[in-house]
Amino acid sequence: MSAQTLPSGATAQEENPQWTVPSGWEPGPSSSVRRGSWTVKGPDGQSADVAVTAFPGDVGGLLANLNRWRAQIGVPPVTADQVASITSNIDVSGTSATVVDFTADKPAQGKTQPQRMVVVTLSHAGNSWFFKMTGDAPLIETQKDTLLQFVKSVKF
Amino acid sequence: MNDYQWAETFRHCYDKAVTLYRLGNRKAASYFSQEETAFLASIGCTAQELYDFAEDWCRDETPSFGTTLLITAARRDFFLTIQKGKPPTGTIRMEDLPAKEAEIDGFRWLPRILSKARAKLRGEMPSELMYGCGGDRAFLRKVNIHPADFLRVVWAAREDDQKVIDCVKKTAAAS
């Protein structure tokens, strides 16, 4: 075992909040990184992945993460002064959460539909929480409100 | 399965991986026989993970076999004692990880390596991700924690990120 001494009295990682999982969301791939994971199936083989993650601190801040998410589905980056115009806010468990939503212009390789990503992010107890839905744009068009309702059901 | 000899058997596999890499074979899946693959699985290790260590050794002469063995031993211990020898059902997704630029309390890379360490302990590493990569080594060298020791710190901290953060702060301050 390591020679380092672990400090006493340290606070534990924030536990998962309570939430209400929408009907139709099937359990998705679980991992040590995901606090929650679901798969949504749509018509014509469409699908979306829903992931809840949380990390200590601000993990780089909104702009850096926004551009990283945009790159993940092939959407060009934005500058700091563009952020306000492409984000909105909702209330989650008494905390203001930021919503971002963007769609690729064309399908990525191997996909038949352009990909869309909706992320709701908030800070709570020193952690950054991310509620992210990624998948086929037409399916996400029908699921965005469901995602927002899910996030609004979160109770820390 | 000869548990007493596991480190020697692992050394055999490691040396084989280094030899094959130097011969130009870049297909990790082709490196090991069925028996060798089964041995690696019994200690919670994959061909890709061993390939990555061999590659970095051949290219950069780091990490050493000693470090590779210690990292593998930490994973093996977690696999056998906590997971009872049962492998996970999947791997983490790269897009779920914190960015390399993310920092906490001034320690850039710490959020990312913390997630990587948990995934490494649990055998959830995707093929494109290496625990103990150059970025990890640079961070751990800076805060003066051996890569295998960091895994054990994360293990001991369980789900308490703050314990790991405080440990890193203390070690970095003392170095």
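Predicted model: local features only at pLDDT ≥ 70, side-chain atom pairs only at ≥ 80, totals over all residues.
How does the radius of gyration of chain B compare with that of a compact globule of 175 residues? A compact globule with 175 residues would have a radius of gyration near 16 Å, and chain B, at 16 Å, agrees with that expectation.

## Overall form of chain B

Along the principal axes of chain B, the C-alpha trace spans about 45 × 35 × 30 Å, and 43% of the 175 residues count as buried. Among the contacts in chain B with a separation of 6 or more, 64% are accounted for by residues 24 or more positions apart.

Chain B contains eight helices and two strands, which, read along the sequence, follow the pattern α-α-α-α-β-β-α-α-α-α.

Chain B is divided into domain 1, covering 1-87, and domain 2, covering 92-175. The centres of domain 1 and domain 2 of chain B, taken over C-alpha atoms, are separated by 21 Å, and the contact between the domains involves 15 residues of domain 1 and 14 residues of domain 2.

On the domain 1 side of this boundary, the elements that give two or more residues are helix H3 (47-60) and helix H4 (65-81) of chain B, with H4(B) giving the most, eight residues. By class, that side of domain 1 has eight nonpolar, four polar and three charged residues.

Helix H1 of chain B, residues 6-22, has 17 residues and reaches 24 Å from its first C-alpha to its last, which is close to the 24 Å expected at 1.5 Å a residue. Within H1(B), the residues Phe10(B), Cys13(B), Ala17(B) and Tyr21(B) are buried; because they cover an arc of only 75° around the axis, they lie on the same side of H1(B). The cover over the buried residues of H1(B) includes helix H2 (34-42), H3 and H4 of chain B.

The face of H1(B) turned away from the buried side carries the exposed residues Glu8(B), His12(B), Asp15(B) and Arg22(B). H1(B) is followed by Gly24(B), which has a positive phi, near 100°.

Thr46(B) is found in the loop between H2 and H3 of chain B. A residue counts as buried if 20 or more other C-beta atoms lie within 10 Å of its own, and as exposed if 12 or fewer do; Thr46(B), with 19 other C-beta atoms within 10 Å, is therefore partly exposed. Although Thr46(B) and Met125(B) are 79 residues apart in sequence, their C-alpha atoms are 9.3 Å apart in space.

## The contact between chains A and B

The contact between the two chains takes 33 residues from chain B and 25 residues from chain A. On the side of chain B that touches chain A, the elements giving two or more residues are strand E1 (103-104), helix H5 (110-122), helix H7 (147-157) and helix H8 (161-174) of chain B. Of these, H8(B) gives the most to the side that touches chain A, with eight residues.

By class, the side of chain B that touches chain A has 14 nonpolar, four polar and 15 charged residues.

Conventions: Residues numbered from 1 in each chain as written. Chains lettered and ligands numbered in written order. Contact = placed C-beta atoms within 7 Å. Helix = DSSP H or I, 4+ residues; strand = E, 2+ residues; numbered from the N terminus. Nonpolar A, V, L, I, M, F, W, Y, C, P; charged D, E, K, R; others polar. Rg over C-alpha atoms; globule rule 2.2 N^0.38 Å. Domains from an automatic or database assignment. Expected span 1.5 Å × (residues − 1). Arc of directions from axis to C-beta.
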